[in-house]
Amino acid sequence: MTQYLDDLAAFIHASPSPYHVTAQVAARAADAGFTVVDDAPGDLPSQPGGYVLVRDGAVIAWRIPENLPQHPSFRIIGAHTDSPTFRVKPLPNNTSAGYNRVGVEIYGGVLVNSWLDRDLGFAGRLITDDGAHLVRTPSMARIPQLAIHLDRSVNDGLKLDRQQHLVPIVGAGGDADILAAIAQHAEVDPAQIKGFDLVLTDTQEPATIGIDNDFFAAPRLDNLLSVHAGLRALLDAESEHITVLAAFDHEEVGSETRTGAGGPMLDEMLTLIMASQNIPVHLHRSIIAHSKLLSADGGHLVHPNYADRHDPEHQPKPNHGPILKVNATQRYLSDGRGAAQFNRWAEQAGIPHQVFVSKNTQPSGSTIGPISATRLGIETIDAGVGLLSMHSVREMCGAQDPEYLARLAGAFLQDLQA
């Protein structure tokens, strides 16, 4: 791997749940000299420098420049910390045919067949009277597929019942208690656990693949690749703007939560940041109107085995740079002016770039971009790295594209043109 991919791989492997992601962002920011601010602050520090605030599975980091202009603006990179997975149910232990199993429910748009026959662990947080304890386990679970001998028609179409067929096996009988087993890996007394937020996680580490190492494969590329790129850009950039990384939770299930992009977190933090700089309230709307949000999220590479699912004139390829995401129904918010800015940032960063538009017969996904723009009234450009196998347990992209995105994000943060 390149040095950048090594760092991305380490970040992803250390971030099996949104709570681990936010801890990683805060720790890396703190190592770079940022000050960690307690959640629910009354007032924020006014001094120039970097700051970071964690709220459960969401994190906002920002930097105040040394010489703040009289009428400053924000440059915000938006991303999300969550990925499609399976959440452990409140009463997790169950048995079937003598096997110990764990009750789970689907979280987000999971490509469920990709989770079959994988070595899976558990990750998240355990809640005790002492607070939240992060936990991750080695491989402890598996969702085994039915042998072809018992389903001769399986290759004509796999049908999986979400309640019956997607239950992970963790033991071969006995009085197994999955929560107690997980608690051992956090050095927590199971009797002290009052609640938990746990997900299944793939335990295979990220890797470069291909005969010339053209590809990077990893779990949770959507959207930890963007969180990592945004963080690297924020830590490296020197800008006259107030620069921000806002990584939200719950994007995969609609964002309508206190820590999602549809919640109050970003609006509240921008208001507090402006108050910390003694910016008069009557100027707040003007400052937001002159600010920009780069919504960074995974996009679609053209699939060589399903090229007919893509628009024939818009077929992003691996290692050809980040993609500008465009959609007429505003599922993505990039417009003509945004395209011009995106092209300028790519040129300033010295990287290739491409554009994605869905085929007219193919529905489009969406991002935090439209949600944040609706809440804030901020100009928003949707972009990201193209992926194959999006929402699989293990996704892939061009090996050069993650660093290209970080360089694009850095140019965005430092760009002084309106």
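**Pockets, a mixed sheet and aromatic pairs**

About 930 Å³ of space lies in the largest pocket. This is a predicted model, in which local features need pLDDT of at least 70 and side-chain atom pairs count only at pLDDT 80 or more, while totals for chains, interfaces and linings use all residues. Residues are numbered from 1 along each chain as its sequence is written, and side-chain values use heavy atoms, leaving out hydrogens and water.

A pocket here is an open set of points on a 1 Å grid over the protein atoms alone, where a 1.4 Å probe fits, with protein on both sides within 12 Å along at least five of seven lines; lining residues have an atom within 4 Å of a point. Volume is the space filled by probe spheres set on the points, which are joined across faces, edges and corners.

The largest pocket has 38 lining residues. His-300, Pro-363, Gly-365, Met-390 and His-391 lie nearest its centre. Strand β15 (299–300) and helix α8 (368–376) each give at least two residues to this lining. Helices (H or I, at least four residues) and strands (E, at least two) are DSSP runs, numbered from the N terminus. By class, 13 of the lining residues are nonpolar, 17 polar and eight charged. Ala, Val, Leu, Ile, Met, Phe, Trp, Tyr, Cys and Pro count as nonpolar, Asp, Glu, Lys and Arg as charged, and the others, Gly among them, as polar.

The second largest pocket has a volume of about 500 Å³. Its lining of 19 residues has Pro-144, Gln-145, Leu-146, Gln-164 and His-165 nearest the centre. Twelve of the lining residues are nonpolar, four polar and three charged.

Now the sheet. Nine strands form an open, mixed sheet in the order β1-β2-β3-β13-β4-β14-β18-β16-β17. Two strands pair if DSSP finds at least two bridges between them. β1 (35–37) and β17 (354–357) stand at the edges with a single partner each, so one side of each lacks a neighbour in the sheet. Strand β16 (residues 323–326) runs parallel to β17, joined by four bridges. Val-326 stands opposite Val-357 in β17.

Aromatic rings come last. Rings of Phe, Tyr and Trp (its six-membered ring) pair if their centres lie within 6.5 Å; planes under 30 degrees apart are stacked, over 60 edge-to-face, the rest tilted. There are three aromatic pairs by this rule. Phe-86 and Trp-115 have ring centres 5.3 Å apart and planes at 75°, so their pair is edge-to-face. Both residues are buried (under 20% relative accessible area, 1.4 Å probe, protein chains only).

Key. Buried < 20%, exposed > 50% of the residue type's maximum accessible area, 1.4 Å probe, protein only.
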